[in-house]
Amino acid sequence: MKSVCKVAFELFISGRAHSSASARRLGGEMCKELKTKVLRLLPPTSNGPCVHQEGQTDGEILSCTAKALKEGHVVGVPTDTIYGLACLAQNSEAVRKTYAIKGRNGHKPLAICVGEIQDIYKYCKVKVKDGLLGDLLPGPVTLVFERSEVLNTALNPFTSLVGVRIPDDTFMRRLCQMCAEPLALTSANISSHTSTVAVEEFQELWPKLAVVVDGGPIGDHSRLGSTVVDLSVLGKYRIIRPGCALSSTVDVLEHKYGLSEDSGGEDEPLNSAHSTSHAETHHRP
C-alpha cells in the first residue's frame with residue numbers, strides 16, 4: 001500500500017495540485033509524518049566548534065541532513081545566492097518528489113550541485129580549460145555542459161545538457177562530499193513564486209521536507225540567483241540567465257580565456273528555463 005506521503009506527492013505530479021492551493025495545503029498536512037527537523041547553523045566562534053542550543057554541532061547537522069538525503073527525502077538548504085531544495089540527483093523518486101513539492105513544470109530542468117571541481121568531470125563533458133572552472137567555482141555561477149552517461153537519465157530526460165554548481169558555501173560543499181554524489185538543486189519556493197533568502201520565507205514547504213537547515217539571511221537579498229552560462233559549445237559561451245555575477249563571469253570568459261559570445265541558434269530547454277518572467281528567473285540557486 002502506498003504511503004500517505006506518496007499519495008500526496010502523486011497528487012502534485014498529476015497536475016491537479018499544480019494550480020490548487022487547497023491541494024497543496026492537503027499535501028502538506030498529509031506529509032507532516034515526516035516530522036521536519038529545523039536545524040540552525042550558527043557562526044563559528046574562536047573557541048572551537050559551534051554548539052547549538054539543541055546541543056548539535058555543525059558536523060551533526062551535516063550528518064543529519066546527509067542521512068535524510070540518502071533516505072530519499074528532500075531538504076531545504078542555504079546556498080551562496082538563495083535558499084534551495086535539494087535531493088540526491090541519482091534518486092529518481094526523490095527527483096519526482098522535488099518537482100511535486102514545488103508544483104514545478106516537469107519540463108523545467110534542475111541543476112546539479114557537487115562538492116569539488118573534479119566531480120564535474122564525472123557528470124559533465126567539459127569542453128573548457130581546467131583553469132576556467134577554478135576561476136569561476138566555487139561561486140554564484142551555474143555552468144551548463146553536455147551531460148555524461150553517468151548522470152541519472154530520469155533527471156532532465158528532455159535535454160542533453162545539465163547545469164552544475166559548486167556554491168561558495170562551506171555547508172553545501174561538505175554536504176555534497178558526505179553524500180558522495182551530486183545533489184539536484186532548485187530554489188526553495190512554490191513554482192512561480194519569489195525566491196527566498198531566509199528559511200521563514202518558504203515555511204509553507206516545511207511540512208514536506210525532512211530537514212530545513214537555517215543558515216540565516218543570505219547575501220544582499222538581491223534574489224537574483226546564480227549567473228547561468230552555457231559552455232557546451234567549444235570556444236563559445238552563452239548567457240542563459242544574467243544572475244548576480246554577470247560582469248565578473250563575462251570578464252573571465254572573454255578576457256582570460258578568449259571565449260566569444262554565441263547569441264544564435266535555437267534555445268534548448270537548458271537548466272535556466274527561467275527567462276520567461278521575473279518570477280521564473282528565480283527557480284534555482
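This is a predicted model: local features need pLDDT of at least 70, side-chain atom pairs count only at pLDDT 80 or more; totals for chains, interfaces and linings use all residues.
**Exercise 1.** Find the one aromatic pair in the structure and work out how its rings are arranged.

*Solution.* Start with how such a pair is described: by the distance of the centres and the angle of the planes. Here the rings belong to tyrosine 83 and phenylalanine 202, with centres 5.7 Å apart. Their planes sit at 45°, so the pair is tilted; stacked would need under 30 degrees and edge-to-face over 60.

**Exercise 2.** Is S8 enclosed or open, and which way do its side chains point?

*Solution.* Count first: five of the five residues of S8 are buried, so the strand is largely enclosed by the rest of the structure. Now sort them by direction: Leu183, Leu185 and Ser187 point one way, and Ala184 and Thr186 the other way.

**Exercise 3.** Which way do S3 and S4 run against S8, and how many bridges join each of them to S8?

*Solution.* Take S3: five bridges join S3 to S8, and the two run antiparallel. Leucine 85 stands opposite threonine 186 in S8. Then take strand S4 (residues 111–113): three bridges join S4 to S8, again antiparallel. There, alanine 111 stands opposite leucine 185 in S8.

Notes. Residues are numbered from 1 along each chain as its sequence is written. Side-chain values use heavy atoms; hydrogens and water are left out. Rings of Phe, Tyr and Trp (its six-membered ring) pair if their centres lie within 6.5 Å; planes under 30 degrees apart count as stacked, over 60 as edge-to-face and the rest as tilted. Buried means under 20% relative accessible area, exposed over 50%, partly exposed in between (1.4 Å probe, protein chains only). Helices (H or I, at least four residues) and strands (E, at least two) are DSSP runs, numbered from the N terminus. Two strands pair if DSSP finds at least two bridges between them.
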